[in-house]
Amino acid sequence: MSNSLHQLYKSSLVLLTDFYQLTMAYGYWQADLHEHEAVFYHSFRKAPFAGGYAIAAGLGTLIDYLALFHFSNEDIDYLAGLKDSNEHALFSKPFLDYLSQLKFSCDIDAIEEGSVVFPHEPLLRIKGPLLQCQLLESILLNIINFQTLIATSAARIVQAANDEPVFEFGLRRAQGFDGAIMASRAAYIGGCIATSNVLAGKLFDIPVRGTHAHSWVLCFASELDAFRAYAKSFPDRCIFLVDTYNTLEGVKNAIKVADELKPQGFHLAGVRLDSGDLAYLSKEARHLLDKAGYKDSLIIGSNDLNPSVISSLKGQGAKINTWGVGTHLITAYEQPALEGVYKLSAIKSSKKAKWEYKVKLSEQAIKISTPGILSVRRFYWDSEAKQAMADVIYDEQQGISEPCTIIDPLDPTRRCLIPRDTPYRELMQPIFRKGQLVYKRPSLQVTQEKTKGELKQFDETIRRLLNPHQYPVGLEEKLYNLKLQLVLKAKGFLR
């Protein structure tokens, strides 16, 4: 599989990080902590869009990033030129020499892309030299948070459309070209069947789709002339944008052109509605098309669509059967960021030392981190893993008791008992070992199918767009008690 980041940038992106990651790296190096083994994990605190779940995405892009991980001569020269307030070099030459020879050597475990995931679960776990783990924080959060957000947005839109085809049309409204490219990738994972972004289509083998703009129609003497010219260029996949002047007259003109060119083998693929009352106009358009004998022609709806609007249109009996979604999908308009975090959970003082578990405190319970070598197990009601029961977050060194009690990290009165011998599977998979990729990446098409299959494993009450039921996710009882002890100790209640 080709490296999409290398095709875009042709170089390492190691300096695509927050400055304080480098200053901490320098501090670790000076304190001789840089090679101490550490464990960090990534998770998010709340499901986006006030929903009940998220769709994991971005792992493939992170793998591409790590394949290019190195400090180039240009990177080192730039860092060497940074000065402190006294105009002295900020970083010493021996440290920069260390960076110039640095090779990625961490272990990474992760939940696969296309998986349904929930708040507090570790989506990725990084184990390795402290300095390297620290340097991954900013870029990892950038990649995983954004693509998980967009994949989730896409999955919700596809759900609102009752699994009818959804095209991602967001390039022109995206936050930058690279945001558009990675959003197209994530939207495909979430369930969109095509993109208007041609470069994303090339990089990720995503089908590309598009019609024409109003400017095409305006360039001709009449709408009929514009449709005739476009039909001659694309006789097999012609979709007319019909609302430049009058939507229903536009539909009639599309039909007229289709009738004229039918003897030549022309097929009217469909019409696109991009303004006005889409429920009313789609019904009228369907009536006109069916009456003219074009019952298989699509009606594509666009125009600032989001899950709520699509659900409303479906409820009104709109005859749209394909959806083009741009702004609200590509920008995650209803929630512009995923509250993902990257936390240190364990560290060793030497190779032979035991793990020292770490916890970050906060006045807000939701911001207290979880210690340990974290992993996630999903339990199922049936041995065929068709219906998910609950997820348990556990420490690999402590393991899981049977029967298993899981405890909500924010409300210890919310508990769930998992009987002995309940079917399960481990969600986290080995991705890198000592810096070497050991994971065989599936195609994006396979990942999209995974998203569809995983969503079916959860009750519709958990998947619903508004006021979803809370799926049981909690800390394994031993891990919960360990966390509690460390919190109490850090607060001075225990010695």
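This note goes through the domains, one interface, the salt bridges and some backbone features of a predicted model.

1. **Ground rules.** Residues are numbered from 1 along each chain as its sequence is written, and side-chain values use heavy atoms, with hydrogens and water left out. Because the model is predicted, local features need pLDDT of at least 70 and side-chain atom pairs count only at pLDDT 80 or more, while totals for chains, interfaces and linings use all residues.

2. **Domains.** The chain splits into three parts by an automatic or database domain assignment. Domain 1 is made of 34-68, 105-138 and 338-491. Domain 2 covers 70-103, and domain 3 covers 153-331. The centres of domain 1 and domain 3, taken over C-alpha atoms, lie 39 Å apart.

3. **UniProt annotations.** These positions use the numbering adopted here, feature names are shortened, and annotations may be inferred rather than shown by experiment. An unreviewed entry gives "domain: Nicotinate/nicotinamide phosphoribosyltransferase" at residues 168-355. That stretch is 42% helix and 15% strand, with its end C-alpha atoms 46 Å apart. Helices (H or I, at least four residues) and strands (E, at least two) are DSSP runs, numbered from the N terminus. The unreviewed entry also places "domain: Nicotinate phosphoribosyltransferase C-terminal" at residues 378-483. Here the chain is 22% helix and 37% strand, and the end C-alpha atoms are 21 Å apart.

4. UniProt (unreviewed entry) puts the feature "transmembrane region" at residues 49-69.

5. **Domain 1 against domain 3: extent.** Contact (heavy atoms within 4.5 Å) involves 20 residues of domain 1 and 18 residues of domain 3. About 1500 Å² is buried between them, and carbon and sulfur atoms give 57% of that area. Buried area is the accessible area (1.4 Å probe) that two parts lose on being put together, summed over both. In domain 1, Leu-444, Gln-448 and Leu-465 lose the most area to domain 3. Together they account for 41% of what that side buries.

6. **Domain 1 against domain 3: polar links.** The interface holds 8 residue pairs in polar contact, both residues at pLDDT 80 or more. A polar contact is a pair of N or O atoms within 3.5 Å; within protein, one must be able to donate a hydrogen and the other to accept it, and residues adjacent in sequence count only if both atoms are side-chain atoms. Helix H3 (59-67) and helix H16 (444-455) each supply at least two residues of the domain 1 side. H16 gives the largest share, 6 residues. By class, the domain 1 side has 8 nonpolar, 9 polar and 3 charged residues. Ala, Val, Leu, Ile, Met, Phe, Trp, Tyr, Cys and Pro count as nonpolar, Asp, Glu, Lys and Arg as charged, and the others, Gly among them, as polar.

7. **Salt bridges.** The rule asks for a side-chain nitrogen of Lys or Arg within 4 Å of a carboxyl oxygen of Asp or Glu. It finds 1 salt bridge across the interface of domain 1 and domain 3. Glu-113 and Arg-185 form a salt bridge, N to O 2.7 Å. Another pair is Asp-109 with Arg-125, whose closest N and O atoms are 3.1 Å apart. Asp-109 lies in strand E3 (residues 107-111) and Arg-125 in strand E5 (residues 124-129), so the pair ties together parts that are 16 residues apart in sequence.

8. **Backbone points to check.** Most residues other than glycine have a negative phi, and most peptide bonds are trans. Glu-402 and Pro-403 are joined by a cis peptide bond, with omega about -5°. Pro-403 sits in the loop between strand E15 (388-395) and strand E16 (404-408). His-120, not a glycine, has a positive phi of about 80°. His-120 is in the loop between strand E4 (116-117) and E5. Asp-304 has a positive phi near 50°, and is found in the loop between strand E10 (298-301) and helix H14 (307-315).
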